[in-house]
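Trainee: I would like to learn how to read a structure like this one. Where do we begin?

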Amino acid sequence: MDCCSSCDRSGGRYRGWHGNDLALHCEEESLLHAKLAQQRSVLPQGLGFQASSSKFSQGAQCCGTFCGCCCLTVLVVLIWLIATCQVTVFGTTFNLFNYYWPVTTYLIAGRKDDVALIDWYNSLPPVSEGVVAGPGPNTRSYHSWQAAHDQLAEWGPRSKVGTFKRYNELGITIQNDLVWPELQTIALGLPNTDHGFVRPILVNALDKARNSNAECDGSSCWNMQWLRKVFRERLGTLDYVASSDMKWIMTVVLHKVLLNIDLTDEEAKDFASWMTMFILPQPLPKKWVDNPISNWAFAEARILQVKESLIEKYKEAILLKWPQFDGQVNSREVTLLASAVCDALALAGGLSVPTVLDFMIALLFMEKSPAGFVRLEDLSGGGAKLHNFMLETMRRYAPVAGVPGWTTDDNGATWQQQIPNLQMAMLDASVFPEPLAFQPGRPGLNYDDESLSMSWAEPSDFNDDASDVDSHSCPGKDLSVQMISAFIQELAQSGPWEVDSDQITLTFYGTSGWLLRRAGAISEEPDHPLPDEPVCTCLPMFCMFVYEADFR
C-alpha cells in the first residue's frame with residue numbers, strides 16, 4: 001500500500017498513519033468537499049475536471065508527510081557529513097570549510113581546461129613573494145620557482161636534524177588510511193626512519209640498475225636497448241593504441257624492473273583497472289568511506305583483498321630479488337618494502353609516466369596543437385628533439401603538482417605544512433618567459449642543460465644523491481625518462497598511425513583521450529571498460545575522470 005492510499009477516511013475519522021488526533025482535519029475536509037462539489041457543478045462538462053477532491057486532500061496530506069521525512073533525512077545526513085568531514089594532522093584540523101570544499105573547487109578547476117587551475121592557485125591569499133596561504137589552515141604553498149626550489153632544498157638538512165617529516169598525502173590531498181591497513185600511510189608519508197630504509201633500495205632497483213653496456217632483460221639491470229625491445233614487441237602485436245593503454249603497458253615494465261615479475265597482458269590490465277578503484281576512496285574523510293554504504297559503493301572489501309594478494313606476491317618477489325631478506329617473509333621490513341613498491345607501481349611512477357605519454361601523444365595528434373606542427377615521425381630519432389619535447393610537456397602539463405611536507409621550528413611543539421608547488425614553479429614567468437606557450441628547448445630545460453628542471457623534485461636530494469636516506473626526489477627519474485623516450489621512438493617507427501579523432505582537449509589532469517589506429521588496420525577496436533563496481537556503474541563519468549586523471 002502506498003503513502004496516499006494508506007490514508008483511509010471512515011466515519012469522519014482517519015485511520016492508519018494519521019490516527020484519531022486528526023478528527024478536526026476531517027471536519028475541515030468535509031467542508032472542503034462540499035465547496036469543491038459546488039464549484040464542480042457549475043464547471044463546463046468535458047473539460048477533464050474529474051479528479052476527486054478527497055483523493056487530492058489525502059495525497060497532499062500523506063505526500064506532505066513523506067516530503068517532510070525526506071527533508072529531515074537529508075538534513076540529518078548533511079549534519080553528519082559536515083561533522084565527520086575533518087581530519088587532524090600534527091595538531092592542525094582540516095574540515096569541510098577550510099580544506100575539503102576548497103580542494104573540491106581545485107579539482108573542478110583542474111578538470112575545466114589547461115588554464116583555470118592557474119587562476120585557482122592565484123586566488124589563494126599571498127604571504128610573501130612567490131608564497132601563498134593554503135590550501136587548508138596552517139599551510140604555505142610555494143608557487144615561484146625560487147621559493148619552491150629553496151623549500152625543497154631544506155628537506156634533506158631538516159630531515160637530518162628531525163625538523164621535517166611527511167604525512168599520508170598525495171599532491172595537495174590528505175589521504176585516509178583505509179587502503180593501507182599494513183602501514184596506515186602511503187609510502188610518501190612514511191616516518192623518516194622507514195623512509196630511510198626504503199629509499200636506497202628503491203633507487204638501487206630503479207635508476208642505479210641502469211647498465212648501458214650489459215645484456216639486460218630487466219631482471220637485474222635495464223637499458224635503452226632492452227626498453228625499446230620490450231615496446232617494439234608490444235606494439236608489434238597491436239593495431240590500436242589508446243590513451244587508456246598507457247597504464248597497463250607501462251606497469252609491465254615497472255613490475256619487471258622493480259621486482260622481476262613477468263605480468264601477462266591480462267594481469268597488467270587487471271592491475272590498471274584496480275589502480276582506478278584503489279585511488280577512489282583515498283582522498284575522502286575516513287568516516288565517509290569506512291561505513292557499510294561506502295564499503296559497498298567503492299567495493300572496498302575487494303580493493304583490500306586484491307591489495308593483500310599483491311602484497312603477498314611482492315613479498316615473495318622481494319625474497320628472490322634481495323637475498324638479505326631470505327626467511328623474513330613476514331618481517332616488518334619486508335612488509336614495509338612490499339607496500340612501498342605497491343605505491344610506486346599504483347600511485348607514483350605507475351601514474352606519472354602514463355600521464356606524460358598521454359599528454360605527449362595528444363600534442364602530436366590533436367587539431368590546433370599547442371606544440372604546433374611537430375609530428376610523431378619527427379621524434380623517431382630520439383635525441384635532443386624528443387628529450388626537449390618531453391621536458392616541455394612536463395613543464396606545461398606537470399604530472400606532479402604539490403609535494404607536501406611538515407616542518408617545525410620549535411623542537412616539535414608545533415608543525416606547519418609546506419607545499420612546494422612544482423606545477424606553478426614550472427610556470428613561473430620570471431624563469432620561463434611566455435609560460436603558457438609550448439617552446440621545447442628552453443634555457444635550463446633542454447637536452448644539454450636541465451638545471452631548471454623541478455618536475456622530479458630534484459632539489460630535495462641531499463648532497464645531490466638520490467639514494468641518500470634523506471633525499472626525497474623521484475627515485476626513478478632516469479628510468480621514467482628512458483621509458484618515455486623508448487616508447488615514443490618505437491611508436492613512431494612501428495607506424496604509420498592514424499588518430500581516430502583529432503578533436504582532443506587538454507586539462508591540467510590529462511587529455512580527453514585518444515585512439516591511434518595502425519594504417520590499414522581491420523581488426524576490431526579494443527574495448528576499455530571501467531571497473532565493474534557500483535560507484536562506476538552509477539557514476540561512470542566520475543570513474544573515467546579518476547581513471548584518466550593524475551591528482552598530484
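Mentor: Begin with burial. A residue counts as buried when its relative accessible area is under 20%, as exposed when it is over 50%, and as partly exposed in between. Keep in mind that this is a predicted model.

Trainee: Then take Lys307. Is Lys307 buried or exposed?

Mentor: Buried. Its relative accessible area is 2%, and the cut-off is under 20%.

Trainee: What share of the chain is buried?

Mentor: Of the 552 residues, 53% are buried. The chain exposes about 24900 Å². Carbon and sulfur atoms supply 57% of that area.

Trainee: How many helices and strands does the chain have?

Mentor: There are 19 helices and 15 strands. Look at the contacts too. Among those with a separation of 6 or more, 67% join residues 24 or more positions apart.

Trainee: Now charged pairs. What is the general idea?

Mentor: Side chains of opposite charge can pair when their charged atoms come close. In this structure there are 23 salt bridges.

Trainee: Which residue forms a salt bridge with Lys307?

Mentor: Glu182. The closest N and O atoms are 2.7 Å apart. Lys307 sits in helix α12, residues 300-321, and Glu182 in the loop between β10 and α6, so the bridge ties together parts 125 residues apart in sequence.

Trainee: Which residue pairs with Asp194?

Mentor: Arg332, with the closest N and O atoms 2.9 Å apart. Asp194 belongs to helix α6 and Arg332 to helix α13, residues 332-346, so this bridge ties together parts 138 residues apart in sequence. Asp194 is buried at 10% relative accessibility. Arg332 is partly exposed at 46%.

Trainee: Where do Asp461 and Arg199 lie?

Mentor: Asp461 and Arg199 form a salt bridge, their closest N and O atoms 3.7 Å apart. Asp461 lies in the loop between α16 and α17, Arg199 in helix α6, and 262 residues separate them. Here both ends are buried: Asp461 at 17% and Arg199 at 6%.

Trainee: Which residues are linked in a network of salt bridges?

Mentor: Glu154, Arg158 and Asp409 are linked in one.

Trainee: Which residues of α8 and α14 make the contact?

Mentor: From α8, Met246, Lys247, Met250 and Leu254. From α14, the list includes Gly349, Gly350, Leu351 and Pro354.

Trainee: At roughly what angle do α7 and α8 cross?

Mentor: Roughly 140 degrees, with the axes coming within 11 Å. Helix α7 covers residues 224-235. That makes α7 oblique to α8. This crossing is right-handed.

Trainee: Which residues make that contact?

Mentor: Trp226, Leu227, Val230, Phe231 and Arg234 of α7 take part. On the α8 side, Trp248, Ile249 and Met250 are among them. Notice Met250.

How values were computed. Residues are numbered from 1 along each chain as its sequence is written. This is a predicted model: local features need pLDDT of at least 70, side-chain atom pairs count only at pLDDT 80 or more; totals for chains, interfaces and linings use all residues. Side-chain values use heavy atoms; hydrogens and water are left out. Helices (H or I, at least four residues) and strands (E, at least two) are DSSP runs, numbered from the N terminus. Buried means under 20% relative accessible area, exposed over 50%, partly exposed in between (1.4 Å probe, protein chains only). Contact means heavy atoms within 4.5 Å. Accessible areas come from the Shrake-Rupley method with a 1.4 Å probe; for residues, only the protein chains shown count as cover. A salt bridge is a side-chain nitrogen of Lys or Arg within 4 Å of a carboxyl oxygen of Asp or Glu. Axes are lines fitted to C-alpha atoms, for helices over the stretch in contact, and angles run from 0 to 180 degrees between N-to-C directions. Angles under 35 degrees count as roughly parallel, over 145 as roughly antiparallel, 65 to 115 as roughly perpendicular and the rest as oblique. A crossing is left-handed if the near helix is turned anticlockwise from the far one by less than a right angle, and right-handed if clockwise.
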